[in-house]
Number of protein chains: 2
Amino acid sequence: MRKSPLSLSPSQSVTPQLLYRQLAGHYLAAIQSNTLAPGERMPSVRDLMQQHQVSLSTALQALRYLEQDGWLEARPRSGYFVLPARRMALAEEPNLSTMPALMSAQYAGIHERVSGVIAQGHGASVTLDLSGASCAPELYAVEALKNAAIRTLRKQPQVLTSMMSHRGNPAFRQVLAKRSLAIGIKMAPEEVIVTHGCIEGINLALRAVAQAGDTVAVESPTYYGLLQVLESLGMRALEIPTSPRTGISIEALQLASQTYPDIKALVLVPNLQNPLGSIMPDEHKAQLVALCQEHGMALIEDDSYSGLVPETSSARALKSWDRSGNVIYCASLNKVLAPGMRLGWMAGGRWQARLEMLKFAHTRANEEWSQIAAADFMASAAYERHLRRLRDALRLQRARTADAIARHFPVGTRINVPDGGALLWVELPAQLSSKAVFESALKEGIKIAPGLMFSNSNRFNHFLRLSCGQPFSPRIEYGIKRLGEIVEDLLAGRVRVA
Amino acid sequence: MRKSPLSLSPSQSVTPQLLYRQLAGHYLAAIQSNTLAPGERMPSVRDLMQQHQVSLSTALQALRYLEQDGWLEARPRSGYFVLPARRMALAEEPNLSTMPALMSAQYAGIHERVSGVIAQGHGASVTLDLSGASCAPELYAVEALKNAAIRTLRKQPQVLTSMMSHRGNPAFRQVLAKRSLAIGIKMAPEEVIVTHGCIEGINLALRAVAQAGDTVAVESPTYYGLLQVLESLGMRALEIPTSPRTGISIEALQLASQTYPDIKALVLVPNLQNPLGSIMPDEHKAQLVALCQEHGMALIEDDSYSGLVPETSSARALKSWDRSGNVIYCASLNKVLAPGMRLGWMAGGRWQARLEMLKFAHTRANEEWSQIAAADFMASAAYERHLRRLRDALRLQRARTADAIARHFPVGTRINVPDGGALLWVELPAQLSSKAVFESALKEGIKIAPGLMFSNSNRFNHFLRLSCGQPFSPRIEYGIKRLGEIVEDLLAGRVRVA
């Protein structure tokens, strides 16, 4: 179990600030070691004051801290109770002391790793796939989309046989521009460039702002797709520590920009980061936009998930703080609207003209057919209803999957349940190899994404990314149980790894 | 008028081989100067023998040469008659003596040129667009495609909301592999990588075989889209003279590969080259594949038009001669099946694994929807019927457009009517600026593609590419007439160019 940075250390003289965190840490350790089990009642405020000789304010702060962090639940007139899932939270802040090792910008060597994993996955007969980032097809509005598509074909069959503008269908661009107001972006429909998913936008953005050999900062861990893109473009990836709660470490990025004054760009997912699920607080977002601007670092914002952020959080885009055109906004509808329509879009800031040229040179236009159908559906109230239903479904699926992991995985497993999205990032105990878990699981038809795919370093080799994008079912319960047993077996040395 | 390389030069001692060509050249000059007008009967074989003191064999060879070249038509039992369109043929062979100037590999600077032209085009209100390379929407099987698409949506609506393999839909890949047998390619469906049009294939192929700074050989003139791709990738374009009849000059390429031993790749369109419309003879194709292999030059074959090659010509793919995996085959369905479906595909030879990775990293999968609909239609007999109808329509449109140009453009205009496709390449007299023609025409709502877009050099500044992709109509007749008048006015200095 990790050495808690919050454990009480009464020998040191501490500020009141630190005191409540030490108190919280003390109880966190008790929760993590199961001394305080899920469902149990926490000592009252009065008890805490007496037992630890702290003020009312410190006792309250400690309880609220644990509540905010998801370890406790406040029940009116009953006090605080221990919650199940969060008993295994991930380290909240990235450990900056490990930074020097991370700070050597690497040419991504990810392809070998990732393609190895993917090839193994292809070879196997998979009965339960927990490796993807998309949600189950039935969680999307299949029927309404089908009808919109058929309407489009009936009304305008000639879109099949006509050339179209490479910037995209006007109605679709208008819907996108209008919807972006909700995340703070004001733009004209003409600024929207339609792309083949967010991934094409990221590719074009990187090509617009950097060249082969250049260094690009990314989150750590980060989506392996981004590392593959950097590798394919011959760019170096500089991994910046990223917190499962607040996203990229601004402090670490600042340090990095001092060490590497020539970082050409930063690519990140501010809302529901993949794989961590973190949502950056608005203050961090504002700081980040300013920092990148100040250091001449282009900011490439990957916004694939903001539609899955719950209404209680801010899904504001980094782009909304951009005053100088330094932010390239890239978005996708794959996760929120339909994984099979391959629709994405971007707004290029001061690189707009260059990006339009690159889009034209690379893939010309997107099919107009799907853009019109998507615009039709997205302009209706049905789209908002769909998003609400999807968020509700995912909230339940995250909770049930996390609960199953908590019940079936051995002590020492850590997990953070994010506020949105379909991904859980699981830290295995004792630096267990996720590759070994991946391989053993695959033999039983269960596919997961091992942590080693999410970094060029080996820092996340003992992590797993598990999808909760499918409605929870006995089959998933069984799969998680088997995964837990595989982890137990590996820990006990009962499985020989090839 | 160009100095004919075939004019009789009796002072020189000549081989019988050359004699018939000199005789043909003599009559070609007479045809070009209108001494022999379209519809007139040529001197008989007997007359030729007597007047020029040549053998029966030489006289016959000369007549057949002119016939094959499209200047004459043989009518049974009546003799040979002068044809209208070809009276203005382009220079048949590229002039190798101009090569040294062409032989300096340039970083494509095409973007400025092309985007200037495109921006002007966007600003104008266009009533007659002769600038594109696609055919009119109504020349495609809109109704059948619409029905196939609706069938797909009804049967498999979940393709809209499901992730798919990034290599493409199996049924579509099978249809493509099967149809390629007709152009001599034997491949497994698994070798097919589905792309967003041919242009994505070309981009990926170039990235697989070369890097920024590398030299890539291209045809001259060539499709401006290719020059833009090279520019966007930071590669140098080396333009190789290309004949309107037989395509790229093998001799020139051989010379080039001696001067530049480090040419990384050659990109070309062997069947119905854009803008020339040339179809490489099979012997040339075989030689070219061998030459590239020998010089370690990757051969990237752009096959966007082979479905438009008439049944009387060979549309065999370069790839069919490839024994070492040195040919990357890239194809498109935009021109033959449907311009709005954005479907292309490729087969990567020895770069297959790298190309699959690049495709995945850049745009993931294509939409499955359109692939299934396309496979449905292409597997039916209706597709072959559509292709025959399209070829017939284009044959008529080429002939009528060429005829209109012959009637309305001033003497000294040259044109070559290709055996297929929807493009005419027109050489203006007296090195007239096609940019000036473009600008004057645009003021009247007529859009054309000026020759300067098709090369980094200024060699084709006095050429126009005119589309005959739309059914010929009085509107087109009028447009061509106006273009002819604009050219006349510019020649006479009656228009001041800005």
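**Domain 2 and domain 3 of chain A**

In this predicted model, chain A is divided into three parts: domain 1 (16-83), domain 2 (109-138 + 384-491) and domain 3 (140-381). The analysis below turns to domains 2 and 3.

The centres of domain 2 and domain 3 of chain A, taken over C-alpha atoms, lie 25 Å apart. Contact between them involves 33 residues of domain 2 and 35 residues of domain 3. The size of an interface is often given as the accessible area lost when the parts come together. Here, domain 2 and domain 3 of chain A bury about 2,900 Å² between them. Carbon and sulfur atoms account for 56% of that area. On the domain 2 side, His386(A), Arg391(A) and Phe454(A) lose the most area to domain 3 of chain A. Together these residues make up 19% of what that side buries.

Two salt bridges are counted between domain 2 and domain 3 of chain A. Arg179(A) forms a salt bridge with Glu384(A), with the closest N and O atoms 2.9 Å apart. On the side of domain 2 that touches domain 3, the elements giving two or more residues are helix H5 (110-123), helix H14 (381-408) and strand E14 (423-427) of chain A. H14(A) provides the largest share, eight residues.

The largest nonpolar core has 107 residues. Leu337(A) and Leu337(B) have the most contacts inside this core. Beyond residues up to four places away in sequence, Leu337(A) touches Tyr140(A), Leu145(A), Ala374(A), Phe377(A), Met378(A), Tyr383(A) and His386(A). His386(A) is also among the domain 2 residues that lose the most area to domain 3 of chain A.

Conventions
Residues numbered from 1 in each chain as written. Chains lettered and ligands numbered in written order. Predicted model: local features only at pLDDT ≥ 70, side-chain atom pairs only at ≥ 80, totals over all residues. Heavy atoms only, no water. Core = buried A, V, L, I, M, F, W, Y, C linked by side-chain atoms within 4.5 Å. Buried < 20%, exposed > 50% of the residue type's maximum accessible area, 1.4 Å probe, protein only. Contact = heavy atoms within 4.5 Å. Domains from an automatic or database assignment. Buried area = accessible area lost by both parts, 1.4 Å probe. Salt bridge = Lys/Arg side-chain N within 4 Å of Asp/Glu carboxyl O. Helix = DSSP H or I, 4+ residues; strand = E, 2+ residues; numbered from the N terminus.
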